[in-house]
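Subject: Structure handover

Hello,

Here is the structure for you to look through. My notes on the charged pairs and on one helix follow below it.

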Amino acid sequence: METDFFCHEIETLSREKLENLQLQRLREIIASAIKTSFYNKRLAKVGIKSPEDIKSIADVRKIPFTTKDDLRQNFPTGLLAVDMSDIVRIHSSSGTTGIPTVIYFTKDDLNSWTELVARSIYATGARKGDIFQNMMSYGLFTGGLGLHYGAERIGMTVIPVGGGNTKRQLQLMKDFKTTVLHITPSYLLHIHESMESHGFNTSDLSLKKAFIGAEPHSENTRLKLEELYGIDAYNSYGLSELSGPGLAFECKYKAGMHVWEDAYILEVIDPETGKNVEDGQEGEIVLTNLIRKGNPMIRYRTRDLAYVLTDSCKCGRTHRRLSRILGRTDDMLIINGVNVFPSQIEEVVMRIPEVGTNYQIYVDKIGALDRLTVKVEIYSKMFTGEVKQLDALKKKIAEELRASITIHPLIELHEPGALPVFEGKAKRVVDVRPSF
Ligand code: DLL
């Protein structure tokens, strides 16, 4: 019989049973963590010498946070809990901002991660029989191989193409009648914009769903993609340090991302004080991985901002849901003293119908003052030679932005294809202000 669940029992566990399972798994993870040079010292400092010292899940809060800096300082093996010969795969973050962080998986770790990804995909309604084109890059990035094995576990037909080469992507979609994509939202926007120039249009395609994630995007971007392609787009959140995708994923109701709580302890904290906040309140997401034994990760500060939804989901899954990611503690721009999150800007520009599929936030300094310029591509049909019309559009965008971010940005209008294109994660903010 067809069911809505990949693993009904685990996905619908009562809160009490879920918490019992978390406690049991937390103890197992502590047993692994004690074997690493990093956590061994950390845990001893707070009096945790063995798994039995953990009496309840709330005891996790006695353990200090783990940060990206900790991972860097303990690179490459300070958080490794098993002999290297038991590690069957390594993933890593790109390391563009410093020493890369590395993540190790044992055979069992890979198996349980794959199970989470399969569960996530299944929750969207994708099934065996779907043709799955995985357009996230393969390699050290977790987005490629992570979804690949999860989709195979369900029995979907996987096209492991990776990112880039738009024309070939479109040809593959057409030839194999791809029904499900995995892709960054910015690249999916770009593909639509350049589709015609490659000789394709949406009626050549058989798409039904896209899993979009790996970068921030607004609800308006999702709606735009759904409308442009006539598909359902599901938000997927994860980060390499916690094994990548398969951490939090939307189900078919698209009402927030279920965090698989049998595999992760989800906390939200006030980033300033480090204190836990109530469900429903915005803060920084902190996660403990309960299943990765080769490379334990306890109370990892993600720097991502979101809140836990307080109502239950129509799908019947009991695992709590996260709002979309609202920003990062480190991506806030301060423009002449005013705090602005790039996500606020995206939310506004993507709801303006004349705005096309790409934009860029540019910050520089004129004398002592910061200047914010929002560059947007607009649809070609807008370039009619009517300067008045373009000026009116600029004014409208600037005013709508001012209503949201309280400052008045400069607006630049660009033709489709004029702004830089990204085939993986988009870099939307260019800040050229001198740093002191
Ligand atoms: O981006 C893992 C992933 C792959 C997630 C495929 C989803 C799909 P990292 O490269 O380590 O891992 O980047 C993680 O990207 O801390 C967020 O800031 C951001 N991010 C990831 N997913 C989302 C999302 C992968 N759905 C960092 N919405 C995270 C907003 C996201 N931001």
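E115 is partly exposed, with a relative accessibility of 24%. Please keep in mind that this is a predicted model. The partner of E115 is R119, and the two form a salt bridge. Their closest N and O atoms are 3.7 Å apart. R119 is buried, at a relative accessible area of 3%. Both residues sit in helix α5, residues 107-123. They are four residues apart, about one turn of the helix.

How many salt bridges does the structure hold? The count is 30. As background, side chains of opposite charge can pair when their charged atoms come close.

R324 pairs with E219 in a salt bridge, with 2.7 Å between the closest N and O atoms. This pair links distant parts of the chain, 105 residues apart. R324 is in the loop between β13 (321-322) and β14 (327-328). E219 belongs to helix α9, residues 219-229. R324 is buried, with a relative accessible area of 16%. E219 is partly exposed, at 29%.

R303 and D330 also meet through their side chains, at 2.8 Å from N to O.

Now the helix. α6 covers residues 142-154, 13 residues in total. From its first C-alpha to its last, α6 reaches 19 Å, close to the 18 Å expected at 1.5 Å a residue.

Is α6 largely enclosed or largely open? Ten of its 13 residues are buried, so α6 is largely enclosed by the rest of the structure. Among the buried residues are T142, L145, L147, H148 and I154. Several glycines are buried too, including G143, G144, G146 and G150. After α6 comes G155, which has a positive phi, near 100°.

Best wishes

How values were computed
Residues numbered from 1 in each chain as written. Predicted model: local features only at pLDDT ≥ 70, side-chain atom pairs only at ≥ 80, totals over all residues. Heavy atoms only, no water. Salt bridge = Lys/Arg side-chain N within 4 Å of Asp/Glu carboxyl O. Helix = DSSP H or I, 4+ residues; strand = E, 2+ residues; numbered from the N terminus. Buried < 20%, exposed > 50% of the residue type's maximum accessible area, 1.4 Å probe, protein only. Expected span 1.5 Å × (residues − 1).
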